[in-house]
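Me: I would like to go through this structure with you, beginning with the ligand. Could you take my questions one at a time?

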Amino acid sequence: MLELYQWELSQYSEKVRLCLDYKGLEYRKIEVTPGIGQVELFRLTGQRQVPVLKDGHKYIVDSSAIAKYLDSEYPDRPLIPTDSKKRAQALLLEDWADETLGILGRKALFAAISQDQNFRKSLLPVSTPDIFKSVIEGVPKDFLSVLGVGVGFTPDVVNGAIASLKQDLEILIELLADSPYLLGDEPTIADLTVASLSILLKFPEGAYLDLPESLRGKGLPIIADNPDYEAFFTWRDRLYEQFRKPLTGKNPATSTTPTSIEID
Ligand SMILES: N[C@@H](CCC(=O)N[C@@H](CS)C(=O)NCC(=O)O)C(=O)O
């Protein structure tokens with residue numbers, strides 16, 4: 001079975017989970033411990049970042065490379081269009097979402113955490129054993145710093161990010177005004193990337209992430225609860241209902257080992 005070295009809260013890991021679900025591929029999640037787990041990841045792959053997909057003896061690093069790999073090895077339900085113009089548009093939007101929406105999302109999460117201390121305390125995966133939760137209270141903070149949340153985030157930086165996010169969400173809503181997906185009638189990697197890279201703006205309503213139920217549908221209120229952006233989140237949540245497998249006890253994707261990385 002495919003294995004995904006990941007963090008539950010990582011937007012790029014979420015992008016790969018959504019791509020795998022879209023293609024109907026079974027996989028097992030391996031939650032990498034920030035710090036020590038990343039040292040092991042470096043030993044295995046020569047770099048420290050999640051997501052990493054393991055397929056047999058192969059390790060594929062980087063969400064965009066993983067999407068391309070999945071299309072080449074598992075061609076059913078392609079993520080990347082074959083038509084050259086659509087392909088170019090899809091890859092440009094994917095890159096924009098990776099490089100811009102993803103970074104803005106971290107800043108929005110930082111703003112949400114700054115405004116609500118309980119929000120931060122809830123950010124450990126539900127499946128983290130209680131004993132671990134109580135022993136290592138600082139882990140959510142470590143998670144956030146490795147995600148890049150908080151570093152250099154002055155109020156000006158955060159306010160600038162929120163202004164950019166508002167503008168970008170308005171543009172996305174315009175793009176979606178007359179078609180169900182960003183590039184027309186068929187979903188592409190552009191939709192899956194935009195949808196997954198927006199999880200930190202507002203966590204999806206459904207049971208897709210191994211986070212406390214109280215966090216579902218929550219985010220930075222000025223974005224997440226603002227009627228101006230409701231059309232975007234309605235689109236995003238519809239896409240999740242269509243393509244993302246909810247967590248269930250029986251789903252192998254939920255059998256995470258949140259505190260360790262497995263090594264053959
Ligand atoms: N371009 C990469 C970005 C991956 C990324 O930024 N991963 C973050 C988690 S969201 C990470 O592993 N950070 C830890 C680090 O940089 O040491 C991708 O698309 O997969």
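This is a predicted model: local features need pLDDT of at least 70, side-chain atom pairs count only at pLDDT 80 or more; totals for chains, interfaces and linings use all residues.

Me: What about Arg-106, how far is its polar side-chain atom from an oxygen atom of the ligand?

Reply: The distance from a polar side-chain atom of Arg-106 to a ligand oxygen atom is 3.3 Å.

Me: How much of the ligand's accessible area does the protein cover?

Reply: On its own the ligand has 510 Å² of accessible area, and the protein covers 84% of this.

Me: Which residues around the ligand come nearest?

Reply: There are 13 residues around the ligand, and Gln-38, Gln-49, Val-50, Asp-62 and Ser-63 come nearest. By class, the shell comprises six nonpolar, four polar and three charged residues.

Me: Which domains does that shell draw on?

Reply: Domain 1 (2-79 + 248-254) and domain 2 (84-243) each supply at least three residues to the shell.

Me: Changing topic: how many residues are in the largest nonpolar core?

Reply: The largest nonpolar core has 63 residues, and Leu-53, Leu-70, Leu-79 and Trp-235 have the most contacts inside it. Elements giving two or more residues to this core include strand E1 (2-6), helix H1 (11-22), helix H3 (63-73) and helix H4 (84-115). The largest share comes from H4, with 10 residues.

Me: Where does this core lie relative to the two domains, and why?

Reply: The core lies between domain 1 (2-79 + 248-254) and domain 2 (84-243), because both give residues to it. As a general point, nonpolar side chains in soluble globular proteins tend to be buried together.

Me: Now Arg-236: is it buried or exposed?

Reply: Arg-236, which is found in helix H11, has 0% relative accessibility and therefore counts as buried. The cut-off for buried is under 20% relative accessible area. The C-alpha atom of Arg-236 is separated by 8.4 Å from that of Val-194, although the two residues are 42 residues apart along the chain.

Me: Then Ala-67, buried or exposed?

Reply: Ala-67, in helix H3, is buried, because its relative accessible area is 2%.

Me: How far is Ala-67 from Ile-189, in sequence and in space?

Reply: Ala-67 and Ile-189 are 122 residues apart in sequence, while their C-alpha atoms are 7.9 Å apart in space.

Terms used
Residues are numbered from 1 along each chain as its sequence is written. Side-chain values use heavy atoms; hydrogens and water are left out. A residue is near a molecule or strand if one of its heavy atoms lies within 4 Å of it. A polar contact is a pair of N or O atoms within 3.5 Å; within protein, one must be able to donate a hydrogen and the other to accept it, and residues adjacent in sequence count only if both atoms are side-chain atoms. Accessible areas come from the Shrake-Rupley method with a 1.4 Å probe; for residues, only the protein chains shown count as cover. Ala, Val, Leu, Ile, Met, Phe, Trp, Tyr, Cys and Pro count as nonpolar, Asp, Glu, Lys and Arg as charged, and the others, Gly among them, as polar. Domain bounds come from an automatic or database domain assignment. A nonpolar core is a set of buried Ala, Val, Leu, Ile, Met, Phe, Trp, Tyr and Cys residues joined through side-chain atoms within 4.5 Å. Buried means under 20% relative accessible area, exposed over 50%, partly exposed in between (1.4 Å probe, protein chains only). Helices (H or I, at least four residues) and strands (E, at least two) are DSSP runs, numbered from the N terminus.
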